[in-house]
Amino acid sequence: MTSTLVFYSEHDSFEEWSALLTPLLPGVRICQPHDVNDPDSVHVVLGWKPPQGFFAQYQQLKLLVNLGAGVDSLVGRDDLPAVPITRISDPDMGRMMASYVLFAVLRYARDIPAFERAQCERRWHYLHPRLPSSVRVGVLGLGELGSYAALELARQGFDVRGWSRSEKQLDNVTCVNGMARLDGFLGSSDILVVMLPLTPQTHGLLNAERLALLPKGSCFVNVSRGAIVDQHALTAALASGQISEATLDVFDREPLPPEDPLWALDNVLITPHLASVAIPATAAQQVADNIQRLNRGEPVLNQVDPARGY
Ligand code: NDP
């Protein structure tokens, strides 16, 4: 019997994914929803934010692959099929994310925003460079992406600390875990990098009280999800100088509306949610491997736990 993989995304190229997956999955028909002949032949959905009710038509579904690393828009749905859910998590995605985080942290550690401002005023502004070991960088979330970034930051010589839910060990990174350690962690982060998934536990985690625990003049980087942070409180902290600089790739509303006060702050760098993206050339192999594992009756890799939320 033919097996069908249905692709759904409004952002990713079907042609590119199909061209990469076809040679890796002989015997599997790869198509978009409007090209499905027999809904019962659909065993795999590779999708990003399919519409509500999408899965009901595929009664023989065996695997749902989230076309990205963040699963918050998926796991909260009430129409999820009772099949394993996996997500894309490949090293190239980690490297791309780490390069963004390194850029943001190095920019602050080397005082680049101060030189950008001085240059606008044609002002020679000498600030003696700091040793990276004197800069405490806190990484919230030590998963696939967070641990990669933390290790890269450690390689640059920063004093790197990481926070996660369960206990972790990473070379040259001081790892702590659990809510009881969060406040102290925030208080010792000169640069805070948010790399947590959005779950019911992390939603609004960085509220006004917790942001106030950051050392005065600290820098803030968010590359995971906007709703983890109270954006009004963050804006106020940036306006008052409690937080001196921020690099923000994600927001509680995207696109960030033109009237949002964050746009007007000259101590904020805004990028439109692109710190890292799934790279089909490398991720296709991982998707194909998981489908083959499923066909052999083996457990799939990078499985998401909907109850845990990530
Ligand atoms: P993972 O699921 O691999 O890791 C999540 C990490 O967060 C783990 O270390 C986990 O702890 C920790 N964590 C989760 N919940 C809690 C909690 N309540 N308290 C403390 N720690 C917690 O995620 P990734 O590293 O792959 O990705 C992180 C996020 O980055 C994604 O969820 C997504 O939202 C975002 N993202 C953003 C992109 C962008 O372009 N801006 C692109 C791709 C992803 P433990 O290790 O103990 O499980």
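Author: In this predicted model, 11 residues of domain 1 are in contact with 9 residues of domain 2. On the side of domain 1, the residues that lose the most area to domain 2 are Asp72, Asp90 and Ile279, and together these three account for 57% of what that side buries. The area buried between the two domains is about 830 Å², and carbon and sulfur atoms give 59% of that area.

The division behind these values is as follows. Domain 1 is made of two segments, 3–90 and 278–295, while domain 2 is the segment 91–270. The centres of domain 1 and domain 2, taken over C-alpha atoms, are separated by 33 Å.

UniProt, in an unreviewed entry, lists residues 104–275 as "domain: D-isomer specific 2-hydroxyacid dehydrogenase NAD-binding".

Empty space may be considered next. Rolling a probe the size of a water molecule over the atoms shows where such space is left. A search of the whole structure finds 1 cavity of 30 Å³ or more. The largest cavity holds about 40 Å³ of space, and its lining consists of Asn222, Gly226, Val229, Gln231, Leu234, Leu248, Val250, Phe251 and Leu262. Of these lining residues, 6 are nonpolar and 3 are polar, with no charged residue present.

The second largest pocket contains about 180 Å³ of space. Its lining includes Arg110, Asp111, Phe115, Trp124, His125 and Tyr126. Here the lining residues divide into 6 nonpolar, 2 polar and 3 charged.

Two details of the backbone complete the description. Arginine 122 has a positive phi of about 50 degrees, although this residue is not a glycine. Arginine 122 is placed in the loop between helix H4 (112–120) and strand E6 (136–140). The other detail concerns the peptide bond from glutamate 254 to proline 255, which is cis, with omega near -5 degrees. Proline 255 is found in the loop that runs between strand E11 (243–248) and strand E12 (268–270).

To return to the part requested, the contact between the domains involves 11 residues of domain 1 and 9 residues of domain 2, with about 830 Å² of area buried between them.

Notes: Residues are numbered from 1 along each chain as its sequence is written. This is a predicted model: local features need pLDDT of at least 70, side-chain atom pairs count only at pLDDT 80 or more; totals for chains, interfaces and linings use all residues. Side-chain values use heavy atoms; hydrogens and water are left out. On a 1 Å grid over the protein atoms alone, a cavity is a set of points where a 1.4 Å probe fits but cannot get out, and a pocket is an open set with protein on both sides within 12 Å along at least five of seven lines; lining residues have an atom within 4 Å of a point. Grid points are joined across faces, edges and corners, and a volume is the space filled by probe spheres set on the points. Ala, Val, Leu, Ile, Met, Phe, Trp, Tyr, Cys and Pro count as nonpolar, Asp, Glu, Lys and Arg as charged, and the others, Gly among them, as polar. UniProt positions are given in the numbering used here, feature names are shortened, and annotations may be inferred rather than shown by experiment. Domain bounds come from an automatic or database domain assignment. Contact means heavy atoms within 4.5 Å. Buried area is the accessible area (1.4 Å probe) that two parts lose on being put together, summed over both. Helices (H or I, at least four residues) and strands (E, at least two) are DSSP runs, numbered from the N terminus.
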